[in-house]
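Here is a quick tour for anyone opening this structure for the first time. Take a look, then read on.

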Number of protein chains: 2
Amino acid sequence: MNFPKRKQLISKKLDQVGEVDIKQLAEELNVSEITVRRDLNQLADDGLLYRTHGGAMKVDPMEVPYQFVNKAAKNVEAKDAICRTAAREIMDGDIIFMDCGSTVFRLCQFIKNKKIKVITNSLPVIYALQNSLVSLNIIGGEFNAERQAVHGKIANEHIARYHATKAFLGVDGISRNGLFANSELEADITQAFAANSSKTYLLCDGSKIGKETYLKFGDVKMIDTIITNSSSEELAGFEKLGTQVTKV
Amino acid sequence: MNFPKRKQLISKKLDQVGEVDIKQLAEELNVSEITVRRDLNQLADDGLLYRTHGGAMKVDPMEVPYQFVNKAAKNVEAKDAICRTAAREIMDGDIIFMDCGSTVFRLCQFIKNKKIKVITNSLPVIYALQNSLVSLNIIGGEFNAERQAVHGKIANEHIARYHATKAFLGVDGISRNGLFANSELEADITQAFAANSSKTYLLCDGSKIGKETYLKFGDVKMIDTIITNSSSEELAGFEKLGTQVTKV
DNA sequence: ATTATTTTGATTATTTTTGAACAAATTAAA
DNA sequence: TTTAATTTGTTCAAAAATAATCAAAATAAT
């Protein structure tokens, strides 16, 4: 029995039962437990399931909007840890901007019960918070189906009409040379968020640290605080540039 | 039974019952009381519940939010017939405004494959069209959870920046005396739609014809064409006022 | 057939989870 | 107010699961 075949069977069972157990799977698939563990880890890396101690669970389809699942389910533990820390910075009465990345999205679960205003361009965020205590403001403009978010000139102007106490941002990369994005639209809206908030937080997992991609759109000092799970030595450089770094 | 699974079950129960008891949970989940206590503490740390002595409470007992689905499911046949006719008016290249009513919502299914731009304040419409050929423009501003739509000053200004070839509107009532809404916010946005489109269609089933509710916000002549399943004699009056009536 | 590459399994050390015991704090009762 | 009963936080130990390392087996490439 090879991996693709096992992967298929595991996914199928997970779909039917909702959760799987490593011991049981090892027996059913006739392989050792460590192999099952490796299989599950691979599937989890692809965002196809949630890894638990001793097994795995289905990604709750109600919790995460469909198309978004894969990206949002990758690196869940790290992202949740980052967002848990970020959520503790948010007080009742805050007005916050929320970016459209998959990391920032996971902040939703921790702020559902806070009495705050959230201004966002991310459809998954809107969806996740629509029946919560949070008061929502939707950023208008052209909708991008791929990113499930609104971008563009009108969106940027919308943002400029508001002022937030805190902005929670994501990027595609950050190095001592600055902040990097994969598109102009994302770069522009991130800049707009930063320009119109009193304090900016960058939520980013280790994979983004030191990465330089397509477009450099701003300096590190645009960010007041980086919240990350990374312990890269690059972080010390950010602190030298005046950006606070919170490790989770 | 692992923590994620327990967390799920506890949250679910809390959601249904409003409060939980440690002893009871320990028995139900088949773990020791101290484990339940630890679980509740973690959930409380994340702001997902209030910890009490011996158990936990929901953070803020909110009454079940209005479900769009329910309202949308009433009179489906009539609404679908109306929308089928309305959809025939829409050509590739059109730019259309779509209101947030439950009738207008049912138009989505008939326009998925048209190459048009839709500008809307309705979250259900956005969901229904997000993976279609339709290019979406979202109206920004404060989100109203009850109506699942955006309303207010900012939304009206957003609309004023665009011009549509056609607007598809709903109302809470229409009589020879004018158009009626149940709130100022809805009245204002309907007016904004009408003011910024070349042609206005009112989609309304028989229950709205002749009905006069809370707020009169405009004359019948704001509407170019009424599409309805009604055969009320009131309709003749509308035609005398210069509004075309299409019966389905 | 031989060599490299990938996959799998076994072993060990480490981490995580869980439960038990007991003192401190909180609530309820007298 | 004082006393009794619960609940809680803390510390520690056991059990389970995991990561890491290395060897064996299977597969692919030369």
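## Chain A at a glance

Chain A has eleven helices and 15 strands; these are DSSP runs numbered from the N terminus, with helices being H or I of at least four residues and strands being E of at least two. Its radius of gyration is 19 Å, close to the 18 Å that the globule rule gives for 248 residues, so chain A is as compact as a globular protein of that length. (That radius is taken over C-alpha atoms, and the rule is 2.2 Å times the number of residues to the power 0.38.) Along the principal axes, the C-alpha trace of chain A spans about 60 × 40 × 30 Å.

This is a predicted model, where local features need pLDDT of at least 70 and side-chain atom pairs count only at pLDDT 80 or more, while totals for chains, interfaces and linings use all residues. Residues are numbered from 1 along each chain as its sequence is written, and chains are lettered from A and ligands numbered from 1 in the order in which they are written.

## Inside chain A

Of the 248 residues in chain A, 44% are buried. Buried means 20 or more other C-beta atoms within 10 Å of the residue's own, exposed means 12 or fewer, and partly exposed is in between, with C-beta atoms placed from the backbone. Among contacts in chain A with a separation of 6 or more, 58% come from residues 24 or more positions apart; a contact is two C-beta atoms, placed from the backbone, within 7 Å.

A:V248 sits in the segment after β15 (244-247) of chain A. A:V248 counts as partly exposed because it has 17 C-beta neighbours inside 10 Å. Leaving aside neighbours within four places in sequence, A:V248 touches A:A81, A:I82, A:T85, A:I227 and A:N229.

## Where the two chains meet

On chain B, 25 residues are in contact with 29 residues of chain A. The elements giving two or more residues to that side of chain B are α1 (3-17), α8 (123-129), β6 (135-138), β7 (141-144) and α9 (153-160). By class, the side of chain B that touches chain A has twelve nonpolar, eight polar and five charged residues.

Strands join in, too: β6 (residues 135-138) of chain A pairs with β7(B) in the antiparallel sense over two bridges, and pairing needs at least two bridges found by DSSP. A:N137 has B:E142 as its bridge partner in β7(B).

## Around DNA strand C

DNA strand C is surrounded by 14 residues, the closest being A:V31, A:S32, A:T35, B:S32 and B:T35; near means a C-beta atom, placed from the backbone, within 6 Å. Two or more residues each come from α3 (33-45) of chain A and α3 (33-45) of chain B.

Technical notes: Ala, Val, Leu, Ile, Met, Phe, Trp, Tyr, Cys and Pro count as nonpolar, Asp, Glu, Lys and Arg as charged, and the others, Gly among them, as polar.
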